[in-house]
Amino acid sequence: LTNFDEVLKNRRNFLERINIPINSCVCMWVMGSDGVEIADREKMGKSMTDYKEAIKTDALITDQKGLYLFLLTADCAPVIIHDPVKEIVALVHVGWKGADLGVVKKVIKRLRELYKTKAEDLMVGIGPSAKAESFIKENPSQKEDPRWQAFLERLGKDKFKVDFVGFAKSQLIESGVPEKNIFDSEIDTVKDKRFFSHVREGNIELVKQGRFACVVGIMD
């Protein structure tokens, strides 16, 4: 098997275990930016089996029942944003770059524009990710940014703990999502070996590092 053949086999096995057909999924090709796109039914299935067909973005939205959004992560946070009133779901990839660009705020803005979503109705789930205790950067570019100061902790001269999940949570609250509606798994992927971690596996060739999947959709 080639490397992607093995990946595809794992995807099929995983989805079969949770009773979701691979042809019902739309795969995201993460860009580490702040793009927000509507999931395209034409990309169902083929975006899962041909990486060139994956949608290049960091957030996908759907109001289509039976269409499942699929994201791979390994330290960045998978963030699920659900509007139970309008029956809409978004899946967002949030790393420190996405947090810096305010990607969750942009998703909520798009939901307002397209579906008249009210932020106070939203329910948000934050999946396993690298927590501040484990996500340590040397001379991070945001160290002088006043927006980040509450989410950075200096370690010695040039190293900082970076709480990008906390920063993203603050943006959700600023956007009008009630704090009681935000649920964080509190799982640290760097410390919890049940999950893949780019930080922990950094000495392994990139193509051999693992990723875990977050899949979300509105059932028929």
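Select N19. At 69% relative accessibility, N19 counts as exposed, because the cut-off for exposed is over 50%. This is a predicted model. N19 sits in the loop between helix 1 (3-17) and strand 1 (25-29). Check its backbone: the phi of N19 is positive, near 60 degrees, and N19 is not a glycine. Most residues other than glycine have a negative phi.

Next, go to N139. This residue lies in the loop between strand 9 (136-138) and strand 10 (152-155). Its phi is also positive, about 50 degrees, and N139 is not a glycine. N139 is partly exposed, with a relative accessible area of 38%.

Now select helix 4, residues 103-115. Its 13 residues should span 18 Å at 1.5 Å a residue, and the end C-alpha atoms are 18 Å apart, which agrees. Color V103, V104, V107, I108, L111 and Y115: these are the buried residues of helix 4. Look down the helix axis. The buried residues fall within an arc of 145 degrees, so they line one face of the helix. An α-helix has 3.6 residues a turn, so residues three or four places apart point the same way.

What do the buried residues of helix 4 pack against? Their partners include strand 6 (77-83), strand 7 (88-94) and helix 5 (164-174). Step past the end of helix 4 to K116, which follows it and has a positive phi near 60 degrees.

Finally, show the open sheet of four strands, in the order 3-1-5-13, with mixed pairing. Its edge strands are strand 3 (55-56) and strand 13 (212-217). Six bridges join strand 13 to strand 5 (residues 68-73), and the two run antiparallel. Zoom in on F70: its bridge partner in strand 13 is V215.

How values were computed:
Residues numbered from 1 in each chain as written. Predicted model: local features only at pLDDT ≥ 70, side-chain atom pairs only at ≥ 80, totals over all residues. Heavy atoms only, no water. Expected span 1.5 Å × (residues − 1). Buried < 20%, exposed > 50% of the residue type's maximum accessible area, 1.4 Å probe, protein only. Arc of directions from axis to C-beta. Contact = heavy atoms within 4.5 Å. Pairing = 2+ DSSP bridges.
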